Amino acid sequence: MNLPLTLSQFLIRELVDHPEHESLVAMISDLATIGKIISSHTNKAGLVNMIGNADKVNIQGEEVKKLDVFCNDLCKNYLKQTGNFAAMASEEEDEVVDMGDFGKDAKYVIAFDPLDGSHNVELNLPVGTIFSVQRRLDEFDRTDERQFLQPGRNQVLAGYILYSMSTVLVFSWGNGVYEFTLDQSFGEFLLTREKMTIPNECKLYSFNEGYNKYLSVGDKKFVDYLRDEKKCSLRYVSALVADGHRNLIVGGVYMYLSTDKKGTGEYKPKLRLNYEAKPMAYLVEQAGGLSTDGDVSLLDIAGESLHQRVSVMFGNKDIIEYFLNNFKS
Ligand code: FBP
């Protein structure tokens, strides 16, 4: 039997070649375990009363699902045991979480969207976990939110786990993007793509077209250009991880642009900078693509608050450059 490299083999090789990557290797190993556990729960969510709302609203004012709570608690409690992280931020936590005594001397902080696209759970559609790791800053207390307000270029590790037809772990620690696919039968992640590069062609655009009328003039012209002139096909799963994953493989542009739904002239973004935009942008740029908030790279934005939202566009290099040169307001 010709088995692809397992994640364990990959990590051991990395450790032999780069002993200084010991913490990164430990982190990926722990994140893979989290991925296996969430994968097994998403697979049987409808059978074990894990579908539906948790009767809770998060700091973003969104209904929290039972599976959101499960995934958040898992990330928090499992990673507390590892001692790799001093603090954690999460879409489901109002404040920065102290990672306990084991994490008191840890050199890293981690931000999560524990279950991205959770509205898809009851529909049996793809969801994902997104993570972003940065170095702990010595000048601030470990639970100071400024730990998380570093520009995305400071990330030392970023990635996601997509729970779909199969479960895939995609990550980068600054040396290209790797994809491992979980073989559920024996519980190992196997290497399926390495040094991923986003094709430099734009056949697809991913955007909620229902919001077209709420866009700024420049953004609207760009979406119209993609659809009417460039003849791109629309593909939209409505889960950032799934849409981002597809576009990373086939090329194209993903957009969650600021909208003015109330007609007040104020354009509001939806996606969160620290645990959605930053890690996805890091992967895309590692794969040779580009990202922008409409003005600068998403990796150059130092946040101002933990749950800050930002306008998001990422994709292959040419199309993002075309936007910046022709449609930027
Ligand atoms: P959650 O992390 O709260 O699930 O929200 C983020 C998200 O689900 C993205 O994954 C997705 O791209 C977007 O919201 C979909 O929003 P909309 O339904 O407005 O297009």
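**Exercise 1. Work out how Lys328 is placed and which partner it pairs with.**

Step 1: Lys328 has a relative accessible area of 39%, so it is partly exposed; that class lies between buried (under 20%) and exposed (over 50%), using a 1.4 Å probe and protein chains only. A word on the source: this is a predicted model, where local features need pLDDT of at least 70, side-chain atom pairs count only at pLDDT 80 or more, and totals for chains, interfaces and linings use all residues. Residues are numbered from 1 along each chain as its sequence is written, and side-chain values use heavy atoms, leaving out hydrogens and water.

Step 2: The partner is Asp295, joined to Lys328 by a salt bridge at 3.1 Å, N to O. Such a bridge needs a side-chain nitrogen of Lys or Arg within 4 Å of a carboxyl oxygen of Asp or Glu.

Step 3: Asp295 is partly exposed too, at 44%.

**Exercise 2. Find what the salt bridge between Arg142 and Asp98 ties together.**

Step 1: Their side chains meet at 3.2 Å, N to O.

Step 2: Arg142 sits in the loop between strand S6 (127–135) and strand S7 (155–163), and Asp98 in strand S4 (residues 97–98), so the pair ties together parts 44 residues apart in sequence. Strands here are DSSP runs (E, at least two residues), numbered from the N terminus.

Step 3: Arg142 counts as buried at 13% relative accessibility, while Asp98 is partly exposed at 38%.

**Exercise 3. Count the salt bridges and find a network.**

Step 1: The count comes to 18 salt bridges.

Step 2: One network links Glu209, Lys220, Asp224, Arg227 and Asp228.

How values were computed. Helices (H or I, at least four residues) and strands (E, at least two) are DSSP runs, numbered from the N terminus.
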